[in-house]
Every structure is written in C-alpha cells, then in structure tokens.
Amino acid sequence: MKKIILSAVILFWNVSILQGQVYWQQEVEYNINVDLDDKKNLLNGDLKLSYTNNSSESLSDVFFNLYWNAFQPGSMLSNMANIPSRFKDNAIGNNIEKYKNDEWGSQVISEMKMNDELVSFYIDQTILHGVLPQEIKPGETVVFRLKYITHIPKLVERAGREGPEGVAYTFTQWYPKICVFDQDGWHPDIYVAREFYGDYGTFNVNITADSDYLLGGTGMLMNPNNIGHGYSSQEINHKKGTRLTWNFQAKKVHDFAWVADKNFIHEKRKSLSGADLHFIYKKDKKSSKHLRKEKFKEDIKSYFQFMEQKFGSYEWPQFTIIQGGEGAMEYPMATVMQVQGDSYDDLLSTTIHEASHMWFYGMLGTDEQQYSWMDEGFTSFAEDEAMNVLLHKNVLNPHNSYLSRFSKLARESWIEPTGTLANYFDGKFPYQLAAYMKGSLFLVQLRGIIGEGPFWSTMTRYKNEWSFKHPTPKDFLRIAEKESGMILDWYLNLWISTNKYPDIAIESAYGIDNKTTQISLKRIGAMAIPVDMRIILKSGSALDYTIPLSSMFGHKKGFSVLPPWNYTQLDRIFTLDLPIENIERIIIDPENWTADVNRNDNIWEPKD
Ligand SMILES: [Zn+2]
C-alpha cells in the first residue's frame, strides 16, 4: 500500500498532498514547430498544446499570452515606459513609437482549435481570450492547436532581431503561451515588460533554420548528430543553403527560450554534479573577452557547487549561458544576456544572478506578478551569498550593499509596498526597490530573526518541498515557522504589505548599583523586530543577548534571552546582572541582520 501511494505521488507530481491539503496545478505539454525566415523576419509556426485541468472547476474559457504584440506603437508596454514620472524606463523610452511598420512585433493567429473544434477568440494587446466550444472538466486533458505567424520585431526588451551586441535573433516569450489557471483563478496579465508566470510541463520544439545558424537555449538538443555545431563530438560540414531542423526537448519547465546567430562559439563543460554547462557567445573580441577565459568556466562550476550545497540540488540536466537579448534575463535551463563590458566581476555577478534564478523562478515557479520579491529578491540574496564565496570575501553577512542603500531610501514617499502587483508599480525604480532590495532583505532579516541553522534548513526544505510547483509567500513562511518553531506572520505582513521599517536605538545605559546595569532601548521605526544585543566587556569577552517579540512565541537559539519587547511599547528597559564599569561597548544588531535605517544610535560607549 505504501509503495502504491509513493509511486502515485511520483507519477502525479502536479497533484500532491502538501501540508495536509491537496495541492494541484495545471499541466502542459507543448509541441511547437517553427520555421525561421530570416529574409522576411518571420517565424511561421504551429503549436499543439495538451492541457490537463487538475483543478476541481470546469473551465469554459481560456487565456493565452501573445507577448510580442507588446512591441507595437501605443501598446501598454510602450505607454508604461513613457508615463510621465521621474522613474521613466529609459531603456525602452519611445523606441517602439519610432519603429517603422516592418520593425513591429506581432503574433497573428490564423486558427485556433480545441480538440478539433474551432475556438472563438478576441485579442486585447498581448492576451488572447478564447471561449471554449466545450468546458474542460476537472481531470480532463484537451488539445489546443494554434496556427500563427510571428513578425520578429527589432530587438526591444529581451526579444527580437539585431541585438545591441549584434546577435541576430533572440526568441524569448516568443510562442503563444497559455496563461496560468491556479487556486486564484486565471492570470491574464497584459505584458508591460515586467515579470512572468507559467505552467510546468514538457516542451518539444522543432526549429527549422538555415544550416549556418547556431542555436542555444532551454532544453536538450535531441538530434545532435544531425546538427553538429558543437553539440556532437564530430563536426558536420553542412552544405551552404541547406536547412536544419533542431529538435529540443525540456521537461519540468514553465517556459522555453532560444537564440540564433551565425557567428557563435560553443563550448561545453560539466558541473561537479553532472549537469552539462554550455557557453555560447560571439566570436568577436569584445564578446569573448571574459567568456573565453577558463576562469569563467571554473567560477561557474564552483558556483553550481555552492548553490547545490546551500539552496538544494540543480535538477535539470543542462544549463546554457548564451549571448543575446538586452541586459540579462533568466529562462528555464538558460540565461540570455549581453556579455560585452570591461569588468570580469560585473559579468560574473550578472551571470550568477541569472543562474540563481534557476532556483527562484526556474525550479520554484512563483507567480512573479503577485510575488515578484520571491523571485528577484531571493535571487538577489543568493547572488550576494555566491559572490561572497566566489570572490573569496567569505564574510558572515554579505548583504551590506542593500542594507545601506535601503537605509538611505526607506523614508522616500514614492516607496510602494513590496506586495504591490509587479505590473502596477509606478515606475521601474520603485519596483526594483521593492522586488530586488526589499525581497532580498526579507531573507536577510529572517536569517537574523530565526538564526543560521533554521534559516538554511528553511531554504533547502523550501526547495525540496516546492520544486516544480507554484509556492506562495505563506507556503515559504510556513516552512520557516516549522524550522524555527516561531510564529512569523507578523514579519511577512509588516515587511511585504506595508512600508514600515525598523529603527532601533540605544537611549542610555547606567549602573543601578555596583552589580546591575540598566539599558534603555527605543523603537523609532514603526516596525517592531527582535533585537540582538552584544555587550563587549573590558576583559575582551562578549555577551550575546536576543530580545524576542511576544508575537513570536519563541526565540533564536544560541543567545541569552531577555524578556520580550512588544510592538505596543516604544521604550523598554532591560536589566542585566553586570556592573557598568565592566562594559566597554554595547551594540544592537551587531551582525547587521536588520534593515535598521539609522545605525549611528546602535552603539553605546561610556563617556570617560
Ligand atoms: Zn533577476
């Protein structure tokens, strides 16, 4: 019986019992055939999608993303970049408005069917809304077929042709992609160049192109011996003018991206745990300056080893770093990025950021529209941890850059709560502050609240329990609560849903008699948070205390525990059995785990 249950869980990873509740998610199987016409810049294709409804509801309509319709004058994406605000998106600016007709992007659907019956649909910008001929019943699998032509835009925001570093074609968000239906219903988010959300499943992609193009991206190439181009052990000389069909497959991914160019170099290495690492970049000196170095490949191998130790195993057979797009962007099993630049460390940290998304985005597929901070924030946290090791800094807390920037910005009136939907932030910078900075600091502070052991076991348990699913903040928090034995809902709410921030101060310290010291602390910031206090004695030794909040019903281990200090009290006096004459210095939050906006009042020293 036990065996049967186990195999059922393994077979149906999209429906499982998690935390006592039945968890479900929809399942997709894409079969895509496309033909690249590089004379007319068209991608003609057909798409077959097997879609399994694992929800308990019957679905009467359906939504698909047609992202490339955003690359047209007047689109919401273009509007967004030009909203009069001090935080305009200068990278896009009014580029799209200036595009000539043949530089626009568009996805023209000529036919859509479900199980061979026509689906009536209308398109509003990047979203196709279809009314189904029959309902999709709970547990039912249906097949959608779409015939379409894609006009490849001049590159803008991660996708298109003629990239800034001369890469011919970047195909990201390039196929009609079904929107996610989950516990919160459908998610038809019109694309404005922010984040993504997709169903997990299988991609089988056939791409036909001239034989002198080299392709790379998501998925394993299934016909390397027909293709060559560095994928097979033997090189193949293709006759000029012939066309090749590349067959890629990827399992347990929620998206598929690819890049094509005629002047790529392709190198391969292996991570220590056995994943194939592909490096694909242009031959010119500027592009290959750092990527051709063996050190870069060794650093990427060390990086994978570090991530697997700290954040859990990498579960795909391959990872590809490929030059293309604009800026740098993550896709399952791949990153597509600009690689030219003078600084090796900048290229490494950008690559490490995108690669860290394989965990927080790739394997842990949160809804980035609702919870952008769990994607960009957790990734930024991992990036800082990994760079700390790769650059041999090896400090306990490598997050001081975000901590000090936050302390300067926390009081700005334009800051929006981190829980704001990603598309609705008023400008790119407030969005970045919320998603990247406050998202990363969510983990930094959590580590300070629950302590090293429970924090790292939370991270690996989160990865193990939620891989290839769509975790929400509460799912993550519940694991942190179980690993720490603390109640933490107050922390999630205050840091993510409000603009409150911590600012704790030492008001004074004084001797009561020759055995007792009283220390008066003040909470200036509106956010209550537990406080670590280190007393450095004149003898040279140090005493570490932790002051929990009552709301936690627990405290960090390995510290002397003082009575709780609650959010209802602004001031609090703590009494220690210690002569004040013995004290050299008192520091609160000595390891900088708290985003305390003013650290000048965190230290007390006796006046001589
Ligand atoms: Zn990112």
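The legends below describe several close-up views of a predicted model of one protein chain.

**View 1. Confidence along the predicted chain.** The average pLDDT of the protein chain is 94, and 97% of the residues score at least 70. Over residues 1-12, however, the pLDDT is below 50, and beyond near neighbours in sequence this stretch has one contact in the model. Where pLDDT is low, the predicted coordinates should not be read in detail.

**View 2. Domain 1 and domain 2.** The domain assignment of the protein chain gives domain 1 as residues 25-199, domain 2 as residues 390-497 and domain 3 as residues 504-604. Between the C-alpha centres of domain 1 and domain 2 there are 30 Å, and nine residues of domain 1 are in contact with 10 residues of domain 2. On the side of domain 1 that touches domain 2, five of the residues are charged, two are polar and two are nonpolar.

View 3. Strand 6 (residues 106-114) runs antiparallel to strand 10 (residues 141-151), with eight bridges joining them, and glutamine 107 stands opposite threonine 150 in strand 10.

**View 4. Strand 4 and its partners.** Strand 4 (residues 42-52) pairs with strand 10 in the antiparallel sense over 11 bridges, and the bridge partner of leucine 42 in strand 10 is histidine 151. Strand 3 (residues 27-37) also pairs with strand 4 in the antiparallel sense, over 11 bridges, with asparagine 31 standing opposite lysine 48 in strand 4. Strand 3 and strand 4 form a hairpin that has four residues between them, and in its turn asparagine 41 has a positive phi of about 55°. In a regular strand the side chains alternate between the two faces of the sheet. The covered face of strand 4 holds Leu43, Gly45, Leu47, Leu49 and Tyr51, whereas the uncovered one holds Leu42, Asn44, Asp46, Lys48, Ser50 and Thr52.

**View 5. Helix 6, its span and its buried residues.** Helix 6 (residues 344-356) has 13 residues, which at 1.5 Å a residue should span 18 Å, and this agrees with the 18 Å between its end C-alpha atoms. Among the buried residues of helix 6 are Leu347, Leu348, Ile352 and Ala355, and the buried residues also include Thr351, His353, Glu354 and Ser356.

**View 6. Serine 497 in helix 13.** Serine 497 is found in helix 13 (residues 489-497). Because 13 C-beta neighbours lie inside 10 Å, serine 497 counts as partly exposed. Leaving aside neighbours within four places in sequence, serine 497 is in contact with Pro417 and Gly419. Alanine 209, by contrast, is 288 residues from serine 497 in sequence and 48 Å from serine 497 in space, C-alpha to C-alpha.

**View 7. Strand 28 between two pairing partners.** Strand 28 (residues 531-537) and strand 29 (residues 542-547) run antiparallel and are joined by six bridges, while strand 28 and strand 32 (residues 583-588) pair in the antiparallel sense over five bridges. Arginine 534 stands opposite aspartate 544 in strand 29 and opposite isoleucine 587 in strand 32. In the hairpin of strand 28 and strand 29, four residues lie between the strands, and glycine 540 takes a positive phi near 100°.

Note on methods:
Residues numbered from 1 in each chain as written. Predicted model: local features only at pLDDT ≥ 70, side-chain atom pairs only at ≥ 80, totals over all residues. Domains from an automatic or database assignment. Contact = placed C-beta atoms within 7 Å. Nonpolar A, V, L, I, M, F, W, Y, C, P; charged D, E, K, R; others polar. Expected span 1.5 Å × (residues − 1). Buried ≥ 20, exposed ≤ 12 C-beta atoms within 10 Å, placed from the backbone. Pairing = 2+ DSSP bridges. pLDDT = per-residue confidence, 0-100.
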